[in-house]
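Student: I am new to this one. Please walk me through how to read it, feature by feature.

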Amino acid sequence: MEQAGPRPREATAMSAPDPATARPASAYRVPAQPGVADVDRERGIAADGTAAARHADTGPRADAGPRADAGPRADAARGEHTHSEVPIPLPRAEGRAVVQRASVRGQILDALRAALAGGELTPGEVYSAPALGERFGVSATPVREAMQQLAIEGAVEVVPNRGFRVVRRGARELAELAEVRALLQVPVIMRLARTLPGDRWGELRPLADETARAASSGCRATYGEADRAFHRGVLGLSGNEQLLQITDDLHRRTQLPLGGGPVGASGSGGRVELMADAAEHIALLDALVAGDLEAACCLVERHFGVGG
């Protein structure tokens, strides 16, 4: 019986893709990020850039387990419809919004928080992850993850089969949040005022000056970041990480606009209000550096509205 000889190299070599039909993976993929496989799967692109099966699989899955995103509850959290949404301004390149950091989810979360603080996302309106993702130039996956984080923070709520609704804030809720912030921060700041030397407080001068610069812009979102950084710097002197996490979450909640309508990103009235708040930072820091406890106590209570 004749033995089979070695197969020709041409028979075993893989045929090269047709350059006329092959499309580079970079045309479909977003920058490297956690969960990039999910992004590729949603766009129908495999890790090597070739076409991959979408969510409607044609055969049994290798893991043979239930899909984590299957079922009506997951679909409700996703939200696949667009409902008269207001565009979010983002950096643009060649007419399309783009992301610029490796952490797509983190960048989108920051942008959404700024849009909420600035009133660009209107209280009571519903926004879908796919539509927002298109404006960001990414898939719906990182947008959905960011919106779910905002839902945990209480900024938005899930609307079944539609997307996420921006929560309407009432004046009473904001007043209650401000009261809780005062109960946590005023005693800590005054304890630190009695124990820390003035030069330690002087280290926070750049943070206070930054709040004044941010306030002069009249942009509430910009000021909100500088304001939170200053308060984190003050409370960071306590060395209590749990306090920092709790107060930072409370601070974000107090920055959200009321439900009566969007907050103007700029304007004389808003600018005056922000500059007055920043001036209190500088005055408080001056009193703490000088060791004037009586003045510091009055300033910190006024800043948090204690007894007002």
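Predicted model: local features only at pLDDT ≥ 70, side-chain atom pairs only at ≥ 80, totals over all residues.

Tutor: Start with a cut-off: a disulfide is a pair of cysteine sulfur atoms within 2.5 Å. A search of the whole structure finds 0 disulfides. Cys297 is in none, and the nearest cysteine sulfur, that of Cys298, is 5.7 Å away.

Student: What share of the chain is buried?

Tutor: Buried means under 20% relative accessible area, exposed means over 50%, and partly exposed lies in between (1.4 Å probe, protein chains only). Buried residues make up 38% of the 308 residues. Cys297, for its part, is partly exposed, because its relative accessible area is 25%.

Student: How do I read a sheet?

Tutor: Look for pairing: two strands pair if DSSP finds at least two bridges between them. Here an open sheet of 3 strands has the order S3-S5-S4, with antiparallel pairing. The edge strands are S3 (126–127) and S4, each pairing on one side only.

Student: How many bridges join S4 to S5, and how many join S3 to S5?

Tutor: S4 (residues 156–159) and S5 (residues 163–166) are joined by 4 bridges. S3 and S5 are joined by 2.

Student: What should I look for in the hairpin of S4 and S5?

Tutor: Check the backbone angle phi. The hairpin has 3 residues between the strands. Asn161 is found in that loop. Its phi is near 65°, a positive value in a residue other than glycine.

Student: Is Asn161 buried, partly exposed or exposed?

Tutor: Asn161 counts as partly exposed, because its relative accessibility is 48%.

Student: Where is Val167 found, and what does it touch?

Tutor: Val167 is in the loop between S5 and helix H7 (171–195). Contact means heavy atoms within 4.5 Å. Not counting residues up to four places away in sequence, Val167 touches Pro123, Gly154, Ala155, Val156 and Glu157. The C-alpha atoms of Val167 and Gly124 are separated by 6.0 Å, though these residues are 43 apart along the chain. With a relative accessible area of 21%, Val167 is partly exposed.

Student: What share of contacts join residues at least 24 apart?

Tutor: Among contacts between residues at least 6 apart in sequence, the share is 70%.

Student: How do I read a helix pair?

Tutor: Compare the axes, which are lines fitted to C-alpha atoms, for helices over the stretch in contact; angles run from 0 to 180 degrees between N-to-C directions. H7 and helix H10 (residues 220–236) pack at about 50°, with their axes 10 Å apart.

Student: Which residues meet there?

Tutor: Arg181, Gln185, Val188, Ile189 and Leu192 in H7 meet His231, Val234 and Leu235 in H10.

Student: Is His231 buried or exposed?

Tutor: His231 is buried, because its relative accessible area is 8%. Leaving aside neighbours within four places in sequence, its contacts include His251, His281, His303 and Phe304.

Methods. Residues numbered from 1 in each chain as written. Heavy atoms only, no water.
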